[in-house]
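The sequence and the model come next, followed by the notes.

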Amino acid sequence: MVAATHAQARPAIQTVGLTKYYGRHLGIEDVNLDVSEGEVFGFLGPNGAGKSTTIRTILDEIRPTAGSATILGLDTRAEAVEIRRHIGYIPGDLALYPNLTGMDTLQYFANMRGGVDWTYVDELADRLDSDLSRKVGDLSTGNRQKVGVIQAFMHHPDLLIMDEPTSGLDPLIQREFQKMVSEVAAEGRTVFLSSHTLSEVQRVADRVGIIRNGRLITVESVADLRSKSMREVEFVLDTEGEASVFESVEGVRNIVVAGNHVEMSFGGDMGELLTTVTERYGVADIKTTEADLEEIFLTYYHEDEGEEARS
Amino acid sequence: MTLANVFVKTASDRWLGWVIAVVSVALFLLMGMATYREIDLSVYTSLPEAFRSLIGIGDDIDVGGLAINVMFGTWGAIAMAGLALAMGSSAIAGEERDGTMDILLANPKSRTYVLLSKTGALVTSIALATVALWIPIYPIAASLGVEISGLEVEALTLHLFANSVFFGLLALAIGAMTGDKGKATGITTAIMVLSFFGVGFLPLVDGGDAVTKVLPWYYFDGSDPVTNGIAWGHLALLGGGSALLLLAAIVGFNRRDLKGQSVGTTMLDRIRGNPLLNRMIGRLAGSARVSSIWLKTISDYQTLVLIASAAMFLVMGVMMGPMYASIPEETLKTFNELPENLVALFGGGDMSTPEGWYSLETFGLMAPGAVILVTVVMGAGALAGEESRRTMALLLACPISRNRIVIEKLIPMVFYAVIVGFVTFAGVSIGSLIPDLGMSIGNIAATATLQTLVGLVFGSLALALSAGTGRTSIAIYGAIGAALFFHLFNSLGALNEGLDDLGWLTPFSYYLGNDPLNNGMNWGDAAVLAAVSVILIGLSFVLFQRRDIRQRG
């Protein structure tokens, strides 16, 4: 809760013109991110878009070609060690020491950072159904990932940076993981989560940044993205419906009328649609299906591609 | 494109190592011929048989023969057999350890196909490297005006090829049968090293000659092929042995369960496996090994250090004293008559004294070799190893600086260099006391201290290369290459005045240069070695601080 009061004072992550070239090969270019404290920020992009490069740059694993970044108000180059006191991190493509057990691994990292709450570790292991007595090298990918997740959460970090954290986890465990993320956010702590699967981010994130070909395309709140997006709407009316009534509302498309059953795609103001419909008909049932962020994702990509094609 | 099949991929994975080995051996040959040309070789003809057997030279020796025997027949053979061993142990067991065997065998290819492809690649690589070794011999000799027409160079080359194939297949077979790369490398290395030294030593002792015939290395140069030509019987034995090993590999590999990405078992794990001991030790050591980076690193390398230390202590330390005492009086007398510069070539010292014996046998090559092996492997693995295993990301997510990681990786390297030096000291001291050779314990300590310091020079070099590039292979090849180069440079410097003037350049001249086993500690030498290490370590900090961490190996 203490952290939440800082929310406006300093961003959890801020990058200014962050650029990384590997020789002549572009990693990321001019990435400007602003992640507030206490929010869950989803960082989306397809494979090779520059998600990991961004994360590795702000964690001082690799050094920016241009631009700079701060984490919790600290410079990522000069104050890298201080920053690491406050973060939990799961690298993409996680690797651990195969000859250590899960518990050994956690102890190893706990000894380096201190402040680990072992009853919390037990709780996490229990929630994720993780057997910490087995050697990491003998674990399946998913079970290894669980050790990585516990390792990132175990010291109650102010900021969690996770690069595709749910890879290999089964749906049940993924749900538990999402709950853990929500709990962290509820405590006013910050989560930065990269992913190429939107459904994962959709459930937990407040805002989403979309990156492609090393460039940040957009940052929007999940709510905004949704409101902009199309959804499927289905009305069951008390009498036969007329297409013209529905077509008068902005954003209605693909209308199909079958007696008192009306289906359409809708991308406008839901209030206006409801008012229009209830003025004319009695409504027996409504069903709406949200468009998946997947579709939004593709929309942004196509727009971007269109712009590139035009320019 | 080049990875058309298992064969091509396997062969191309290792090309760099072979190229480095071939180029180095050619350079050594050039250096060797240039040096031997300058000295009077008539002394060799008067050498006793026993001594010649020890240093591996035949009867009618001349400049070309000596150079080819030492550079090609010894260094070249060790390098080739060593590379074949590395390639052989990686072939099957290595892919299993990396977890790539599963995906390889998911293709519609049988285990036998994979194994034969790998064997084909191994044998072809050895053949190509051997030919590449052979090609420059004549031009080098001609350019220096050294006569080698009377030598059976091709016979030696063929023997060298057969020997390398044998050790490569030995490692491959053990790996194929067990799926354990560590076992394949360890056992084959042990057999190779012991048989190499056995063929040198055993003829000195009564009845030893017969024993050498069970050692594989005997069939490589026991017949002195460079003088006597091809020994078909010996070649047939090496070839037959190789064929049997291949057969064993095929049968073994087809019969057993594949291993997944495997997990090394440390001594600590075995102790912990015992429920009685586990409770006791688990609390003490179990948590200790993960209590810090440096303690974990200590635990990671315990097996390597244990083997190196045991070899130094028992074989090179304790056993050498009694062995010296068992050498017949007249052989020792002839050692006394050897020209000084010749003896210097083999590590220096007066061979008729126990100090000279230990200088040559233990401290000349094996002692610095053991400590350099340990420090270079640790120095190279320190930073680049964590990077290639992709665990550096998590280390760097902890609130510790890059400098501290370097420090915590440095401590175990220094610690183990001291351990290897200490056990060498202990072994040699005990070895000299058993037959009471009257050696100065203080001087042994001084020599072992310098041994540790010279090891740290090359370990620090490996650390600096590891810090600067993040690549283990560069660090290992670079540091081992430098060590070999300087060692030869140092040995040859004793024979060649031009090189001798440059002797101060090689770290080895600060090691045995002032004969510490006879003269005690030379603090100046120790200071130089320590200073070089400190500079290289300082460089490591700077280089690591500036660099992007590699994400992949």
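## Helices α25(B) and α26(B)

The crossing of α25(B) and α26(B) is right-handed; a crossing has this hand if the near helix is turned clockwise from the far one by less than a right angle, and is left-handed if anticlockwise. Helix α25 covers residues 441-469 of chain B and helix α26 residues 472-493 of chain B, and their axes come within 8 Å and cross at roughly 150 degrees. The two are therefore roughly antiparallel, a term for angles over 145 degrees. Axes are lines fitted to C-alpha atoms over the stretch in contact, with angles from 0 to 180 degrees between N-to-C directions. Helices are DSSP runs (H or I, at least four residues), strands are runs of E of at least two, and both are numbered from the N terminus.

Residues are in contact if their C-beta atoms, placed from the backbone, lie within 7 Å. Ala, Val, Leu, Ile, Met, Phe, Trp, Tyr, Cys and Pro count as nonpolar, Asp, Glu, Lys and Arg as charged, and the others, Gly among them, as polar.

## Helices α24(B) and α25(B)

Helix α24 (residues 402-433) of chain B packs against α25(B) at an angle of about 150 degrees, with the axes 9 Å apart. α24(B) and α25(B) are therefore roughly antiparallel to each other, and their crossing is right-handed. The residues of this contact divide into 16 nonpolar, 8 polar and no charged. Among them are B:L410, B:M413 and B:F422 in α24(B), and B:I444, B:L456 and B:L463 in α25(B).

Chain A has 12 helices and 14 strands. An automatic or database assignment divides chain A into domain 1 (2-226) and domain 2 (230-290). The C-alpha centres of these domains lie 42 Å apart.

The contact between the chains takes 23 residues from chain B and 27 residues from chain A. On the chain B side, the residues divide into 10 nonpolar, 9 polar and 4 charged.

## Basis of the model

This is a predicted model: local features need pLDDT of at least 70, side-chain atom pairs count only at pLDDT 80 or more, and totals for chains, interfaces and linings use all residues. Residues are numbered from 1 along each chain as its sequence is written, while chains are lettered from A and ligands numbered from 1 in the order in which they are written.

Technical notes:
Parallel < 35°, antiparallel > 145°, perpendicular 65-115°, else oblique. Contact = placed C-beta atoms within 7 Å.
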